[in-house]
Amino acid sequence: MINGKRVLIIVPAWNEAGSIRDVVQEIRGELPGTDVLVVDDGSDDDTSAIARQAGAIVTRLPYNLGVGGAMRLGYKYARDKGYDAAVQVDADGQHDPRYVPKLIDGLDEASLVIGARFAGEGDYHVRGPRRWSMIMLAFVLSRMAGCALTDTTSGFRACDRALIEFFARWYPVEYLGDTVEVLIRVIRLGHRVSQIPVAMRQRFAGVPSKSPIKALIYLGRAFLVLMLALSRR
Amino acid sequence: MRLTVLTAVIAVLLLALIFELLRRRQLREKYAVLWMIVGLIVLPLGFFPRLLDSLAKAVDVKSGVSLVLFLGFMFLLVVCIHLSWEASRLEAETRTLAEEVALIRTQLSEREPAK
């Protein structure tokens, strides 16, 4: 229980055997009394077994669906088990579970609370096309939401019971759909969205991509996703 | 003349292929109807390629054969779009199934604690 709410931590994981044990153990250590659900998104490695050993509830997709598929499954579980709030935490260790109570507190005011970089805390920097895409997304979505949203692609987010039920039915699986499109839809449905500044950490395992071409492609896709999502009523 | 023989033979073979697939229940009915209609349009055109000349003249296309080529291309394009749409729908359906299977397996394992 956090702030009187039954909270489920949903960790989508695809081939994260290298970091999943530390992530699960840290969450369980920092947040006693919450349940951790690891959604194994069709991993080829031992992600499921390690997560189960570490004390998480594990559900395993028969093949890889992408973050959106894993998250919809997580929300379905949360809906069926009657949780009051769900928090998405990435399996690579970037998200510090000590911010989770702050996110949950934010749910008193909003239905969806994003743990955001670039909001004062931490020293995460990006440059080039990747930065332009983030500025573009932040500008459009902040205007829609009526409050500052500096990190619209952050996967560190908490939502309340109403949105758990909505996400269990509808959660896009396309690239950026699980972050940007979800935000647009939620705002359009009249839910309040807010953000809490967080510091993101180095990943426990794996490396982020630094290729400028990839960053440019990312910008194009972000623009496309944004335009498509805005054109949907 | 020899061109007409070629197109006629191909039209007959096409219709035979469609009919055989239908007979073996290899095509769902919704597609079957479509392809039967296609076959029935192609057959007379195969025997009389000049059949569309008057229609071609009406829309200022030089020959009926060009018109057939154009319409055929358009038709194939629409069929491709339709197949992409079907594939997307099927993916959405299998996604839902995958999620439900995972959910059911997890609920099962929760009922009977690990030995």
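Start where the two chains touch in this predicted model: select the contact, which takes 12 residues from chain A and seven from chain B. On the chain B side that touches chain A, you'll find four nonpolar residues, two charged and one polar.

How do they pack? Their axes sit 10 Å apart, at an angle of about 45°. That angle makes H3(A) oblique to H4(B).

Now show side chains. From H3(A), select A:Gly69, A:Arg72, A:Leu73, A:Lys76 and A:Tyr77; they meet B:Arg95, B:Glu99, B:Ala102, B:Leu103 and B:Thr106 in H4(B). Colour this helix–helix contact by class and it divides into four charged, four nonpolar and two polar residues.

Stay with H3(A) by itself for a moment. From first C-alpha to last, its 14 residues reach 20 Å, close to the 20 Å expected at 1.5 Å a residue. Is the helix mostly covered or mostly open? Mostly covered, with 12 of the 14 residues buried. Among the buried ones are A:Arg72 and A:Lys76, along with A:Gly69, A:Leu73 and A:Tyr77. Step just past the end of H3(A) to A:Gly82, where phi is positive, about 70°.

As background, most residues other than glycine have a negative phi. Go to A:Asn15, in the loop between strand S1 (7–13) and helix H1 (20–30) of chain A. A:Asn15 is not a glycine, yet its phi is positive, near 50°. A:Asn15 counts as partly exposed because it has 18 C-beta neighbours inside 10 Å.

Then hop over to chain B and select B:Asp60, in the loop between helix H3 (53–58) and H4 of that chain. Here phi is positive too, about 65°, and again the residue is not a glycine. B:Asp60 has 6 other C-beta atoms within 10 Å, so it is exposed.

Last stop: back to chain A, helix H5 (residues 129–145), and select A:Met134. Buried or exposed? A:Met134 is buried, because 20 other C-beta atoms lie within 10 Å and 20 or more is what that label takes. Finish by drawing a C-alpha to C-alpha distance from A:Met134 to A:Glu30: the two are 104 residues apart along the chain and separated by 30 Å.

Notes
Residues numbered from 1 in each chain as written. Chains lettered and ligands numbered in written order. Predicted model: local features only at pLDDT ≥ 70, side-chain atom pairs only at ≥ 80, totals over all residues. Helix = DSSP H or I, 4+ residues; strand = E, 2+ residues; numbered from the N terminus. Contact = placed C-beta atoms within 7 Å. Nonpolar A, V, L, I, M, F, W, Y, C, P; charged D, E, K, R; others polar. Axes fitted to C-alpha atoms, helices over the stretch in contact; angles between N-to-C directions. Parallel < 35°, antiparallel > 145°, perpendicular 65-115°, else oblique. Expected span 1.5 Å × (residues − 1).
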